Amino acid sequence: MSIAENLATVRRRIAAAAERAGRDPDDVTLVAISKTHPPGAIREALAAGVTDLGENRVGEYLAKRPEVERVAAALDVDLRWHFVGRIQTRKATDLVTGDVLLHGVDRRKLVDRIERLAAGRELHQRVLVQVNVGDDPAKGGCSLAEVDELVAYAAERSHVTVEGLMTIPPLPPPGTDPNEAARPMFASLQAAADRLGLETTSMGMSSDLEAAVAAGATIVRVGTDVFGPRGDGPWQPPVDRSAP
Ligand SMILES: *Cc1c(COP(=O)(O)O)cnc(C)c1O
């Protein structure tokens, strides 16, 4: 299957889930998660209508961004970037550029770092607060009990804009339906966002996007079902052998 065909299938799934929930499919943004995939594959996705790209490693994101932006410009795509990985406080400097939505903000120390960088650069940084709704030790995110306080704290910073909440559910136990396993967690995230008056919820991946759209997701993050299986590691630019 080509990337264009994969995308058409993913879009049909989003539309069907939205219709079942009485929602407008246009209210769901598809973020294509391009980690490990080369700019050539991303070109195909952009040519097939993708406007939002997500990466999860700072090095790979920085290595890929210039080339992908040239491709997007050539295709006349108005590209929006998302960083969906965990953010180490000391690496925040490369991410606080104001032109990427940060999905993984989950602690005060990181909020403080983003605020300081954004203030120094005279920009506003848009963020989502990540919530570990499944209390999965392998995942980032504050707990549901902490989210109100962290959102309030971030909202008080003058250079940080909290647009919403994000979650990654735990890997479902083998043999269980990922949509069924994720459903209560997506409902919890949506309830927290509604309570806090936040419009954006980033939840749902290849295997559980239906449950996310049903719960109210405004962003779904889909990698495998758009690009196919991931490569072994981060994409790296080819070595320039003509360099001295
Ligand atoms: C890789 C990744 C995805 C995409 O996962 P798929 O199962 O391949 O669709 C979504 N969100 C985050 C945070 C990721 O790291």
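The questions below turn to the ligand and then to salt bridges.

Modeller: This is a predicted model, in which local features need pLDDT of at least 70 and side-chain atom pairs count only at pLDDT 80 or more, while totals for chains, interfaces and linings use all residues. Residues are numbered from 1 along each chain as its sequence is written, and side-chain values use heavy atoms, with hydrogens and water left out.

Biologist: How do the residues of the shell around the ligand divide into nonpolar, polar and charged?

Modeller: The ligand is surrounded by residues that include I33, V84, S206 and R221. Here Ala, Val, Leu, Ile, Met, Phe, Trp, Tyr, Cys and Pro count as nonpolar, Asp, Glu, Lys and Arg as charged, and the others, Gly among them, as polar. By that rule the shell divides into six nonpolar, three polar and three charged.

Biologist: Which side chain has an N or O atom 2.5 Å from an oxygen atom of the ligand?

Modeller: A polar contact is a pair of N or O atoms within 3.5 Å. A polar side-chain atom of R230 lies 2.8 Å from a ligand oxygen, and for the side chain of K35 the distance is 2.6 Å. The distance of 2.5 Å belongs to the side chain of T224.

Biologist: Which residue forms a salt bridge with D52?

Modeller: A salt bridge is a side-chain nitrogen of Lys or Arg within 4 Å of a carboxyl oxygen of Asp or Glu, and by this rule the count comes to 15. For D52, the closest N and O atoms are 2.7 Å apart, and the partner is R80.

How values were computed: A residue is near a molecule or strand if one of its heavy atoms lies within 4 Å of it. A polar contact is a pair of N or O atoms within 3.5 Å; within protein, one must be able to donate a hydrogen and the other to accept it, and residues adjacent in sequence count only if both atoms are side-chain atoms.
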